[in-house]
Amino acid sequence: MSAIFRNGLVLTMDDAHTVLPGADVLVIDDRIAEVGHHLTAPDGAEEIDATGGIVMPGMIDTHRHMWQTAMRGYGADWTLTQYFVWYYLESGKLFRPEDIYAGNLLSAIEAIDAGVTTTVDWSHGLQTAQHADAAVDALEAVPGRFVLAYGNIQQGPWDWTASDSFRDFVRRRVDSGKLAGFQLAFDVTGDPAFPEKAAFEVARELGVPVTTHAGVWGATNDEGIRLMYENGFMTPGTVYVHAATLSSDSYHRIAATGGSVSVSTESEQSAGQGYPPTWQLRRHGIPVSLSMDTSVWWSGDLFSAMRTTLSADRSREHLEAHAQQQTITNHHLRAEQVVDWATRGGARSLGMDSQVGALTPGRQADVVLLKNDASPVMFPILNPYGHVAFQAQRGDVHTVLVGGKVVKRDGKLVGVDLATARAKVEDTVSYLRETMGEEAWRRGMNPDVPAAELFDNPYQYTEYDAGSAQWKH
């Protein structure tokens, strides 16, 4: 099959960040064949009018707990502590393989709908191999590009990576090559005994990278980074998620070993992992990718990730300057950089930079057209990077190609059975609600509100005189 995007504003995200107004992108089979002006397309090529729109690479999310999407919005008022209690200690244990399938299916559909063509399924709900099979079954049912990051929060990684069932799963489902990639997903607590060493050795044996929640306040810290470094397990393929509360020494270790950080700004701001660390990553020269974390709290698109990341970095910059009685006259972090992080940065992080993340000939044809003629927000497009980061949203995702295949056209998903996804998610919600009981269900969704303490007001008045229209002391 072939297709051509005509007359769009093309953000190539190539090494020079070339921007081509009024340009075409030609796709032949699963590859980008040519990018330029007035291109000749083969007979029968699908013509996609990109006039008034932005053509860009498919976005890449490097950390998404897809299995939790069946609980969309349930934890909107949670803290990280409440998340840990609900998923790690209590109700997360109730998830059946079919519930993992339901969450993954909905999340995978949600991703491509928002122009996220490659997603890392940070799948730490895989209590059994049957749960893992269900996760992959769901991913294979959706025409996106998915990396499985295998994890199990109900067991130590030294246990589940040593199991015969895990090895069998790898042989059956990973070695088949249908997934876009495979990672091991586990955290390093900083225990001096370093029990996670065995899991790192399995990753090394399998030749796969590790993705880990690092620098999460109260959970993972500098000791974990030190142990990884001293034991030789910090590699260029390692992805450190959040990395929000680390010391400069730990950031130096990440930079020196070629690792990257997946920043989930909405998550870090709201849940309490620490302040979104892009200000530190910039100073230490650490590569960045973006992620949305989990739909149990936040939006499942990277437009929000870009927007909040820019805002958090700039807010910190202003506050630091104001504390010194200074003002910021030029921002360090620019819209162009966060668009890069949402596309090329993700590709680099996953070792897929030669395949996806940019619109250059030879790469996989993962292409997104942002266009919405019915929206007053999609014109004028003066600063294209700023428009992507601050103005566009998922409703403006007009067309999406994954590997040259159209998965969204004219704002509507193609070849996706949304009714089945809805039915499966409804079954999961009904099962959890019934199993937990209505009281526990409501309590989990509505944590206690701390009592508010008001300051004493020294300017308090006691009586208002209507005749004089004045307050009396």
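Hi everyone, a quick word on conventions before the tour. Residues are numbered from 1 along each chain as its sequence is written, and side-chain values use heavy atoms, leaving out hydrogens and water. Since the model is predicted, local features need pLDDT of at least 70 and side-chain atom pairs count only at pLDDT 80 or more, while totals for chains, interfaces and linings use all residues.

Let's start with the helices. Two packed helices are described by the angle between their axes and the distance between the axes. Helices here are DSSP runs of H or I with at least four residues, strands are runs of E with at least two, and both are numbered from the N terminus. The axes are lines fitted to C-alpha atoms, for helices over the stretch in contact, with angles running from 0 to 180 degrees between N-to-C directions.

The pair I'd like to show you to begin with is α2, residues 97–113, and α3, residues 129–140. Their axes are 8 Å apart and the packing angle is about 25 degrees. That makes α2 roughly parallel to α3; the cut-offs are under 35 degrees for roughly parallel, over 145 for roughly antiparallel, 65 to 115 for roughly perpendicular, and oblique for the rest. Contact, by the way, is heavy atoms within 4.5 Å. On the α2 side, the contributors include Pro 97, Ile 100, Tyr 101 and Leu 105, and α3 brings in, among others, His 131, Ala 134, Ala 135 and Leu 139. By class, this contact has 9 nonpolar, 3 polar and 1 charged residues. For the classes, Ala, Val, Leu, Ile, Met, Phe, Trp, Tyr, Cys and Pro are nonpolar, Asp, Glu, Lys and Arg are charged, and the others, Gly among them, are polar.

Now follow α3 over to α5. Here the axes are 10 Å apart, at an angle of about 20 degrees. So α3 is roughly parallel to α5, and their crossing is right-handed. From α3, the contact uses Ala 129, Ala 132, Asp 133, Val 136, Asp 137 and Glu 140, and from α5 it uses Ser 165, Phe 169, Arg 172 and Arg 173. What is the make-up by class of the contact of α3 with α5? It has 4 nonpolar, 1 polar and 5 charged residues.

Next, α5, residues 164–174, meets α6, residues 197–206. The axes come within 13 Å and cross at roughly 25 degrees, so α5 and α6 are roughly parallel to each other. Their crossing is right-handed. Phe 166, Arg 167 and Val 170 of α5 make the contact with Val 202, Glu 205 and Leu 206 of α6. These residues divide into 4 nonpolar, no polar and 2 charged.

On to single residues. Beyond its neighbours within four places in sequence, Asp 113 is in contact with Arg 394, Val 397, Lys 408 and Leu 413.

Thr 211 sits in strand β10, residues 210–214, and at 0% relative accessibility it counts as buried. Its side chain makes a polar contact with the side chain of Trp 122 at 2.8 Å. A polar contact is a pair of N or O atoms within 3.5 Å; within protein, one must be able to donate a hydrogen and the other to accept it, and residues adjacent in sequence count only if both atoms are side-chain atoms.

Finally, some backbone features. Phe 194, in the loop between β9 and α6, has phi near 50 degrees, a positive value in a residue other than glycine, and is buried at 5%. Ala 243, in the loop between β11 and α8, likewise has phi near 50 degrees and is buried at 0%. And a cis peptide bond joins Phe 379 and Pro 380, with omega about -10 degrees. Pro 380 is in the loop between β14 and α13. Thanks, everyone!

Notes. A crossing is left-handed if the near helix is turned anticlockwise from the far one by less than a right angle, and right-handed if clockwise. Buried means under 20% relative accessible area, exposed over 50%, partly exposed in between (1.4 Å probe, protein chains only).
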